[in-house]
Amino acid sequence: MKNTDQKLTRKELWKIFRGQMFIRSALNFERQQCIGFTHAMGPVIEKYYDTPEEKAEAMERHMELFLTQPMVSAIPVGVAVAMEERLATEGDIDPSSISAVKTALMGPLAALGDSLINGTARPILAGIACGLAMQGSILGPILFLIGMAIITLGVRYFGVFKGYEKGVSMVADLQKSGLIGKITELASVAAFVIIGGFTTSNVTLA
């Protein structure tokens, strides 16, 4: 292990952010997004581990099964980065706890991402875009692309940078408050309302 107690720099965090964008680049049926996750962890592994054996051990930790909604996967990436850094610099956490935290976040975040982003934000933007496009306006598709880009990049930025900043405390706070469950439930209700509204306004019976 390299003899360094330096924290990750903003430049290195931006590399992790860019790496997380490819979370689904090598999706496989055995361990799903593990290769993309390990790729995102590359700057951490390179910074803190020196020998091939140490790097292989760190990579093996992140090559385990991982699967959640791609955009919100940035949160466990950020948290894992903070934990990996602490393991390398302080050595006061169990390596297995990194995998345990990732596993604990997969399900709740998948429900949150699917309900809030795929089930609510995307249909709203798509409905507005379709309405504009049906009126002959070029602003429809442009609005959809810009809106989804802002949401996608914003969620990923928050996940990597805030996940790293807060570390394990973010996991504890989310679990204690029950916020993920509350947001997921509200987003599901909103999605049904939105889809119902689009159906009545866009579907006609002959």
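**Ground rules.** I number residues from 1 along each chain as its sequence is written. The model is predicted, so local features need pLDDT of at least 70 and side-chain atom pairs count only at pLDDT 80 or more, while totals for chains, interfaces and linings use all residues, and side-chain values use heavy atoms, with hydrogens and water left out. I take helices as DSSP runs (H or I, at least four residues), numbered from the N terminus.

**Entry 1, H1 and H7.** I looked up how helix H1 (residues 10–20) lies against helix H7 (residues 139–166). Their axes come within 10 Å and cross at roughly 135°. Axes here are lines fitted to C-alpha atoms over the stretch in contact, with angles from 0 to 180 degrees between N-to-C directions. H1 and H7 are therefore oblique to each other; angles under 35 degrees count as roughly parallel, over 145 as roughly antiparallel, 65 to 115 as roughly perpendicular and the rest as oblique. I listed the contacts (heavy atoms within 4.5 Å). On the H1 side I found Arg10, Leu13, Trp14, Ile16, Phe17 and Gln20, which meet Leu153, Arg156, Tyr157, Val160, Phe161 and Tyr164 in H7. The residues of this contact divide into nine nonpolar, one polar and two charged. Ala, Val, Leu, Ile, Met, Phe, Trp, Tyr, Cys and Pro count as nonpolar, Asp, Glu, Lys and Arg as charged, and the others, Gly among them, as polar.

I then turned to helix H6 (residues 95–134), whose axis comes within 7 Å of that of H7 and crosses it at roughly 160°. That makes H6 roughly antiparallel to H7. The H6 residues that meet H7 include Ile117, Ala121, Leu125 and Leu132, and the H7 residues include Gly140, Phe144, Gly147 and Ile151. I noted 15 nonpolar, two polar and one charged residue in the contact of H6 with H7.

I found Lys47 in helix H3 (residues 42–48). Lys47 counts as buried, at 15% relative accessibility; buried means under 20% relative accessible area, exposed over 50%, partly exposed in between (1.4 Å probe, protein chains only). A polar contact of 3.3 Å joins its side chain to that of Glu12. For a polar contact I need a pair of N or O atoms within 3.5 Å; within protein, one must be able to donate a hydrogen and the other to accept it, and residues adjacent in sequence count only if both atoms are side-chain atoms.

I placed Leu65 in the loop between helix H4 (52–62) and helix H5 (74–89). Leu65 is partly exposed, with a relative accessible area of 46%. Leaving aside neighbours within four places in sequence, I found Leu65 in contact with Glu30, Arg31, Gln32 and Met106.

Conventions
Helices (H or I, at least four residues) and strands (E, at least two) are DSSP runs, numbered from the N terminus.
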